[in-house]
Amino acid sequence: MTELARRTPWAAGLAVLVLTVPACSGGGDGDGDGNKGDGKPKTFTVANQEPTHLAPGAANDSYSIHVVNALFDRLTKINSAGKVVNEQAASITSTDQKKWTIKVKPGLTFHNGEPVTAQSYVDAWNTAAYGPNGWENNYYFGNIKGYDALNPEDPDGDEGPKKAPKPKTDKLSGLKVVDGQTFEVTLTGSFSQFPLTLAFTGFAPMPKGAAADLKAFDQRPIGTGPFMLTGSGWEHNKQITLKKFAGYKGGRPAHADGMTFKIYASRDTAYTDLVAGRVDILETIPPAKISEAKRLLGDRFVATPSGTMDYLEFPLYDKRFRNRDLRYAISMAINRQAIVETVFNNAFNPTGSIVSPIVPGYRPNACGTPCTYLPRHAKDYFDKAGGFSGTLELWFSNADPSYEQWMTDVANQLKQNLGINDVKFRKIPVADYLSNLSDHKATGPYRANWVMDYPSAENYLTTRCGDANRMSYDGEACMDLVTKGNRADSIEESVRFYQRAEQTLLKDLPATPLWNWQNQQGYSKRVGNVRFDPYENSAHYDQVTVK
Amino acid sequence: MWRYAVRRVLQMVPVLLGTTLFIYVLVFALPGDPIRALAGEKPLPDSVYQALRDHYHLDDPLLVQYGRYVFGVLFRGDFGETFNGQSVGQLIADSWTVTAQLAATAWLFELVVGMSLGVWAGLSAARRGGRGGGTRRGGFADAAVLGGTTVAIAIPSFVLAYSAQLVFGLKLGWFPTAGTDAGWPMSYLLPGMVVAAAELGYVARLTRTSLVENMRADYVRTAVSKGLPRHRVVVRHTLRNSLIPVVTYLGTQIGYFMAGSIIVEGIFNLPGIGHEIWLALQIKEGPTIVGIVTFLVLVYLFANLVVDLLYGVLDPRIRYD
């Protein structure tokens, strides 16, 4: 177009005419929130992707959770030090870590004015735990007594013709309302981390009317948080408009008059809009743009560690990988620092720990030597293991091009440092990838990723040591320590056991830690007091002020 | 002509049924379990998994699924439901208004700029070439259009899209960088120009070639020797006849533009058809894929019908029976 315009005088005239229209119309880029102290509502925008669900019990991806977090308060929250503090709960107590008594603060209301009671929580949890509702956060309720009755097992597995029978009840037997603001929760086993888990958005309360039409509640939830949906609410693929909840009495009142989640298809576009000042907060600056963002945004670029980890897991059901020396050799032959520099632009941090730095009880490089880049030692271990026979297949999904990039580096390092020359990639469609792993079809080390549910080492360890782990790892010793931690009298005391469990796991090394993700965030000049919370992977929307 | 149109519309029914069945089979055959993928890295209890599969009827045999789909569409106007609980009918309606605005903008650019350039180059070539000159190149305008369109066709659309976004959106601030906030036409001008840039080259060249050929036709010589003014010869006699191939091309372009542009819609964050089908394919969202593709087949069929009918308007010698 520009090429044409230069060479052809009248076409150039036309182009100039077209191009100058916007210049004349000025201010045509209205977000409808051009607030310059002229009494207009002060609102800000946040870049997001299209959420899958807005009902707390169903919302399990981070884009959905960002919105649910603005709409709902929970019983507890995690403060900036990683400690759990009460939010809507007046008290959460237990003598045996198994039976918990929860008192809900009086005087709190939903966006429709309905009071938040013990029943609001019990209703919400029963709804999410009831299998036939098909809510994805269902498994978070698995340790409450009576969960099995709401989620009968399929008698002959996925492949069999029979289907799971319909549950006989839709109420968790472990939940009991004592009085208006008090309820009791009985767990299947002692679990000292329970108050921590309650900070997750999946445990938010539900108003009375919602159960009658869950689909409507999912599209237009009535929450308890600092912001509520406006009349236009969730305009799919475009935006979600929220306003300040005037009747809010909780602990995180909104400073701004409203906020809008703008839906972006691509992070690159969202970033361009942030630089152009057309969106105020972006929580996922693409790694490739980081050095530019640092330069253009200055102090308004903020990186915080996140709870998300990448691991390389070994399929122990393949006997070649049952040899620990081989696993050590591979782990020590990987130059994590170099990969993080070249592939991720230093957006991630290399790690030798199973848990993330934001989790209480984290120790830097808890793994020690086996997760350190030591090519000579690696070769020694490799020779001790008797080398490797056959093709080494590296598995990853096609969800993001960076996976193949870092796997290529891993393959080269294994060739160079261990002399494994026959390395092949197995790049699997994303919809297929995880079922391949859980069905034990991976024929070589594979990329594994963990997004933290709640800041407790237990969350990382149970997934890898427990019976349900995908590696066929016999994690009994590790799991015993986790269980001891779960039974400990306090969260602080439990950490000691979790650290020992992590040590046991790392010694066996069925999975080697690679790197810890960081959140790369930025904001525009229009907004102030933007504080990013590593536990939410988002800003504290309530504290954001609009200039 | 009306009987012809009605017959053509009736012919669309088997074509539509055939294509939807074909697409259904293809989606069915896609590897991967969409419900498992929904849960990401988190465990999905059997009960929830089964509830979701039942909700989307994923366990039924292919023909039962297809039958239910066709029945739903025909008798209840129900195109199914996306994995985030949105009706596919509504999704198509919403995303299509976006794509239609983009398509209209791009198409207008293509029509006006492409044809103007073609006529300009064509007249220049005809004048220079003269009698017996044939389609030989000539004139500054001809060379300029040829060169310019070659460059425009050669640049990949994502390069053009990012450059345009950077220069006109970010640096100069003439247009919104992305999104539909500013409405039509502001939000659509820049992406529209990007989509049209490569295509208008073809329109310009088609118009030019066709015009140059027709300028040598006998009836043009007759018109000139009758002493008709030049603009009348060009506009009424030559151009009108030269437009048939161009109209055919522009007609198929409607279908092409209506299919949306995955790349341009993605870069400019326009939630249109191309963007939606791309997202749906990634998560194997059957109802959305089938719904959108069926809709696109319809658009193509109608665009072709309109083109066929337009022939008669442009050239009265063409008859329909």
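## A tour of chain A

Two residues are in contact if their C-beta atoms, placed from the backbone, lie within 7 Å. This is a predicted model, in which local features need pLDDT of at least 70, side-chain atom pairs count only at pLDDT 80 or more, and totals for chains, interfaces and linings use all residues. Residues are numbered from 1 along each chain as its sequence is written, while chains are lettered from A and ligands numbered from 1 in the order in which they are written.

Keep the whole chain in view. The C-alpha trace spans about 75 × 75 × 50 Å along its principal axes.

Next, colour 50–255 as domain 1 and 305–519 as domain 2. These bounds come from an automatic or database domain assignment. The domain centres, taken over C-alpha atoms, are 32 Å apart. Where they touch, 13 residues of domain 1 are in contact with 15 residues of domain 2.

Now select residues 476–487, helix H16 of chain A, and residues 491–508, helix H17 of chain A. Helices here are DSSP runs (H or I, at least four residues), numbered from the N terminus. The two pack at an angle of about 170 degrees, their axes 8 Å apart. Axes are lines fitted to C-alpha atoms over the stretch in contact, and angles run from 0 to 180 degrees between N-to-C directions. H16(A) and H17(A) are therefore roughly antiparallel, a label for angles over 145 degrees.

Show side chains to finish. The contact includes A:Leu481 and A:Val482 of H16(A), and A:Phe497 and A:Tyr498 of H17(A).

Terms used:
Parallel < 35°, antiparallel > 145°, perpendicular 65-115°, else oblique.
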